[in-house]
Amino acid sequence: GLARYRVDVGLDAGFTSFVAGWQNRHVGVLTSATVTGLGEYTNYSVRVRAEDNASNSSGFSNAVTTRTLDTMAPTISLSTPTAGTTFSTPQSVPIKATATDAVGVAKVWFILNDVVVSTDTVSPYQYNWAITGANNGAYAWKSTAFDAMGNSSTTVAVPVTVNIDITPPAVALTTPTAGTIYTTPQSVPVRATGTDAVGVTK
C-alpha cells in the first residue's frame, strides 16, 4: 500500500535547484503541506512521487508552477513640500511623491486634510496645488501608494501653512488740504501716507 509521498519544490521549472529542505521531501501520506521561507511574488515548481512500503517509487507527477502572492506594501515618501513650509504668495505648489514596489506601483493618492484630491498612475507622481488668499489656513498633506494586489502604505502627514496677505494697504493724502484754493502759479506738493501689515511696495 501507499507509504509516503516525496515532494520537490524547485526554484526553476527544470528542478536544477530547490527550496531549502524541499528536495525529495518526505511528507508521509499527507495530501497537503506547508512550505515556508518562500519569496514574495516568485515562481516555484512542484512535483511529487509516491512510494509503497517496499520503497517502490512511482515516477514524478506532472510539474506545477505557481507564484506566491505579493503581500509586501509599496514604499512611499513626499519629497515636496517640506514640513513646516509657509506659503505667502499665490502660486501653484508641486506636491511630489516617490513610490517604489517590488512588483510595481499601481497608483498614488494625494491626500489633503484626509481627503483624496488626486490620483496619479504614472511616475513621476505629482499634483499641482493652486493656492490664493482664499486658501489661507493650516493643511496636512499625505500620500498613499498601492500595488496591483491592493497592498498600500501611507506617508506621515506633512504640515504646511498658507498665509497670503489679502488685506489692502491703507492710504491717505496729507497735502493738499481739502478745499484749498491756489491763486498763484506754483508747484504744489501732493503727499500721501501708506501703511500695510506686510509692507507698501509702491
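**View 1. Strands and overall dimensions of the protein chain.** The protein chain has 15 strands and zero helices. Both are DSSP runs numbered from the N terminus: helices are H or I with at least four residues, strands E with at least two. This is a predicted model, in which local features need pLDDT of at least 70, side-chain atom pairs count only at pLDDT 80 or more, and totals for chains, interfaces and linings use all residues. Residues are numbered from 1 along each chain as its sequence is written, and side-chain values use heavy atoms, with hydrogens and water left out. The C-alpha trace spans about 135 × 25 × 20 Å along its principal axes. The radius of gyration is 36 Å, whereas a compact globule of 202 residues would have one near 17 Å. That radius is taken over C-alpha atoms, and the globule rule is 2.2 Å times the number of residues to the power 0.38.

View 2. Of the 202 residues, 27% count as buried. Buried means under 20% relative accessible area, exposed over 50%, and partly exposed in between (1.4 Å probe, protein chains only). Among contacts (heavy atoms within 4.5 Å) with a separation of 6 or more, 58% come from residues 24 or more positions apart.

**View 3. E51 and its surroundings.** E51 is found in strand β3, residues 43–52. E51 counts as buried because its relative accessible area is 10%. Its side chain makes polar contacts with the side chains of R4 (2.8 Å) and R6 (3.0 Å). A polar contact is a pair of N or O atoms within 3.5 Å; within protein, one must be able to donate a hydrogen and the other to accept it, and residues adjacent in sequence count only if both atoms are side-chain atoms. Leaving aside neighbours within four places in sequence, E51 is in contact with G1, L2, A3, R4, R6, N56 and S57. The C-alpha atoms of E51 and D114 are separated by 60 Å, with the two residues 63 apart along the chain.

**View 4. The largest pocket.** Its volume is about 340 Å³. Of the 20 residues that line this pocket, V7, V9, A33, V35 and V46 are the closest to its centre. A pocket is an open set of points on a 1 Å grid over the protein atoms alone, where a 1.4 Å probe fits, with protein on both sides within 12 Å along at least five of seven lines; lining residues have an atom within 4 Å of a point. Grid points are joined across faces, edges and corners, and the volume is the space filled by probe spheres set on them.

**View 5. Lining of the largest pocket.** β1 (2–10), β3 and β4 (64–67) each supply at least two lining residues. The largest share, four residues, comes from β3.
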